[in-house]
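Me: I am new to this structure and would like to learn how to read it. Please take me through its features one at a time.

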Amino acid sequence: MKLRFDSRSIKFRMWLYFILFAAGLMLVLWFLQIFFLNNYYSVMKEETADKAATLITSKYLNTDNDEDFISTVESISAPNDIYTYFETEDGYDAFSSLNWGTKATSSTYFQEKATARQQLQSAGYTENSIIFKTTKPDSNNETLVYASRLRKGNSRTIFMYVFSPLYPMDSTISILSSQLIYITIISIVLAVLMSFYLSSRISNPIQNMSRSANRLAKGEYGIVFRGGQYTELSDLADTLTRTSIKLEKSDVLQKDLIANVSHDLRTPLTMIKSYAEMIQDISGDDPEKRNAHLQVIMDEADRLNLLVSDMLALSRMQSGALTVDMAVFDLCEMIRQLLNSYSLLEEQESYHIKFECREKFVPVNADEERIKQVLSNLINNAIEFCGTDKEIIVTLKRRGAKALCQVTDHGVGIPQNELEYIWERYYRSSSNTVRSSQGTGLGLSIVKEILTMHKANFGVNSKIGHGTTFWFELDMSRQDTQRAYRTLWGSKRKK
């Protein structure tokens with residue numbers, strides 16, 4: 001297999017960034033060590049000399065113990081590689097520190113001392129301290145000179161000189177340059193190895209997920225994605241794995257949808273055609289048979305019309321083309337009126353639909369017709385699977401600022417692992433293996449869409465062998481409640 005170089009790949013980009021980072025770091029290091037070392041060294045020596053002179057001056061002005069002062073001067077001078085010298089105003093030696101590193105004496109810095117004394121005297125009393133660099137004529141060695149005029153109380157003025165040699169840095173720079181060559185080579189090699197290792201650890205899981213995603217795109221479901229050892233990649237792999245599972249279930253539901261729609265359309269169409277042929281061939285001259293066969297054709301046509309209407313309504317809801325008309329109405333009264341339409345079913349087929357509501361007035365803010373459709377679908381679903389007792393209980397009660405409505409049956413129930421899927425179109429629970437021939441399989445999907453449009457809470461509770469309870473909540477209206485209450489009871493008194 002021919003390898004293709006990709007300059008935009010993670011592996012190449014990480015390798016390039018590591019190399020550039022290491023090279024930039026080495027460049028900065030070279031620049032600082034080679035070009036700025038002399039200046040940096042000189043600045044640091046100036047700061048050291050100034051700090052030492054300040055400490056010695058403070059000690060001189062604040063102590064009368066000569067031994068303590070001498071000890072302080074020695075402890076400051078030796079570690080900082082400086083030579084401290086004190087001279088009276090008349091030019092006599094007062095005190096000097098020992099510099100064991102250079103074996104310096106007052107004669108060693110005679111010329112520097114004379115130059116500093118001259119500059120201090122030229123400045124008069126406008127400046128009490130000066131600092132400068134000087135080079136001996138017989139060598140290229142520089143010396144940093146700090147000089148100050150000190151006076152304590154009424155005593156005589158003395159001059160303090162601090163001499164700090166500035167050693168040549170050429171040999172040091174040469175050594176650093178040799179070291180930096182090896183450091184640069186080692187750093188670049190380590191950067192290459194580290195970038196290759198890290199880029200592989202990151203890019204390999206992504207490449208594996210990409211190959212798995214290609215399999216998923218080709219319709220191979222149930223794939224488990226591997227994310228490696230990084231949290232972000234593991235989260236991505238888990239998300240893709242869940243997506244694979246969801247797509248597999250969606251594909252199954254889509255196939256079931258096509259199969260169910262095809263079945264629901266084929267059955268009434270077949271019956272319409274069959275009974276039309278029977279009318280043509282057999283019962284055309286028999287009014288009684290003809291009317292019975294025509295009734296079957298009309299029933300099946302109504303069933304087709306209901307299926308198409310439900311599919312169209314669900315499609316409009318899901319596309320956002322259908323909106324809700326919010327208004328305040330009495331949910332309790334609306335349920336009572338709706339249950340009156342089921343009286344014939346109760347008389348002919350012995351169903352018992354019971355309504356429980358302790359409240360006399362439950363004002364809610366919702367679309368009355370859509371909520372009526374929700375209740376009708378839930379009650380029809382309960383009738384379909386209510387069990388042998390044929391009892392359905394509709395409950396309405398207040399719960400805080402919400403109105404809670406429940407529709408309960410005592411049927412076979414729904415398994416817990418299937419509850420989240422019953423709102424899908426044409427989904428059929430494994431415990432409810434038979435769907436009524438009068439249903440369209442879209443009732444609960446329509447319920448879900450309407451309640452979602454109302455931003456209402458809803459759900460289902462079920463236990464195998466004990467029945468199922470569908471519930472939803474609506475916001476109770478706090479506006480015009482008393483006026484609506486008076487209107488409602490006023491109309492009831494007139495009756």
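What follows covers the core, the sheet, the cysteines and the aromatic pairs.

Reply: This is a predicted model, in which local features need pLDDT of at least 70, side-chain atom pairs count only at pLDDT 80 or more, and totals for chains, interfaces and linings use all residues. Residues are numbered from 1 along each chain as its sequence is written, and side-chain values use heavy atoms, with hydrogens and water left out.

Me: Which residues have the most contacts inside the largest nonpolar core?

Reply: In soluble globular proteins, nonpolar side chains tend to be buried together. A nonpolar core is a set of buried Ala, Val, Leu, Ile, Met, Phe, Trp, Tyr and Cys residues joined through side-chain atoms within 4.5 Å; buried means under 20% relative accessible area, exposed over 50%, and partly exposed in between (1.4 Å probe, protein chains only). Here the largest core has 44 residues, and L331, I371, L375, I379, L396 and F472 have the most contacts inside it. Its largest share, seven residues, comes from α10. Helices (H or I, at least four residues) and strands (E, at least two) are DSSP runs, numbered from the N terminus. Apart from this core lies another of 18 residues, among them A52, Y60, I82 and L144.

Me: What is the order of the strands in the open sheet?

Reply: Strands of a sheet pair through backbone hydrogen bonds, either parallel or antiparallel. Two strands count as paired if DSSP finds at least two bridges between them. The five strands run in the order β7-β9-β10-β12-β11, with mixed pairing. β7 and β11 are the edge strands, each pairing on one side only. Between β7 and β9 the pairing is parallel, over six bridges.

Me: How many disulfides does a search of the whole structure find?

Reply: A disulfide is a pair of cysteine sulfur atoms within 2.5 Å. The search finds zero. The sulfur of C357 has its closest cysteine sulfur in C332, 3.6 Å away, which is too far for a bond. C405 is in no disulfide either, with the sulfur of C357 the nearest at 9.1 Å.

Me: Why is the pair of W423 and F458 called edge-to-face?

Reply: A pair of aromatic rings is described by the distance of the centres and the angle of the planes. Rings of Phe, Tyr and Trp (its six-membered ring) pair if their centres lie within 6.5 Å; planes under 30 degrees apart count as stacked, over 60 as edge-to-face and the rest as tilted. The planes of W423 and F458 are at 80 degrees, with centres 5.1 Å apart, so the pair is edge-to-face. W423 is buried, at 11% relative accessible area, whereas F458 is partly exposed, at 25%.
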